[in-house]
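Me: Could you help me learn to read the ring pairs and buried residues in a protein model? I am new to this one.

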Amino acid sequence: MTTTMYARVESPLGELLLVGEVVADGPDAAGVAGVRLRSLSMPGQKGGAVVQDGWRHAPEAFAEVARQLAAYFAGRSTRFDVPLAEGAGTEFQRRVWAALESIPYGSTVSYGDVAARVGASGAGVRAVGTAIGRNPLLVVRPCHRVIGADGALRGYAGGLERKKLLLGIEGGAG
């Protein structure tokens, strides 16, 4: 049985909504105990999470995530090491999201580059863009590092101004 918990964290992007799950029977199959992050949403985000009845407000469960986010926004950290919930998305979306996680801090790649990494060339670039747009873990899973082939900022569920801000924090294009 899983319990869904949430917390709100202030950030330069506005108030972030963190949603996670806890396995009530102890550690999961990988031996991970505690909360596993399922979603990180921003105010006004397209497709962002909304607190549901039955979710438990538990800021203490997200203390480590909040600490890592603060370090990232302050420019003191270049990566996240938080347990993530499994099972979200389709198999194709999970492949695209894994490709996002391999984009180095401060770097950008094009949608076509991501498509090539997951074996979806040509018309597959549009499907890759859709999968990136459905990333439930903004900031932590760095979809903001994907830009147009011409170097222009394109699409971001949190808005292009936030994408620009994140790339600025990382010293990348923006």
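Me: How many aromatic pairs does the structure hold?

Reply: It holds 4 aromatic pairs. Rings of Phe, Tyr and Trp (its six-membered ring) pair if their centres lie within 6.5 Å; planes under 30 degrees apart count as stacked, over 60 as edge-to-face and the rest as tilted. One of the pairs, Tyr-6 with Trp-55, is tilted, at 6.5 Å centre to centre and 45° between the planes. Tyr-6 lies in strand β1 (residues 2-9) and Trp-55 in the loop between β3 (36-41) and β4 (56-57), so this pair ties together parts 49 residues apart in sequence. Strands (E, at least two residues) and helices (H or I, at least four) are DSSP runs, numbered from the N terminus.

Me: What should I know about the model itself?

Reply: It is a predicted model, where local features need pLDDT of at least 70 and side-chain atom pairs count only at pLDDT 80 or more, while totals for chains, interfaces and linings use all residues. Residues are numbered from 1 along each chain as its sequence is written, and side-chain values use heavy atoms, leaving out hydrogens and water.

Me: Is Tyr-6 buried or exposed?

Reply: Buried means under 20% relative accessible area, exposed over 50%, partly exposed in between (1.4 Å probe, protein chains only). Tyr-6 is buried, because its relative accessible area is 12%.

Me: Why is the pair of Tyr-72 and Phe-73 edge-to-face?

Reply: Their ring planes are at 70°, with centres 5.4 Å apart, so the pair is edge-to-face.
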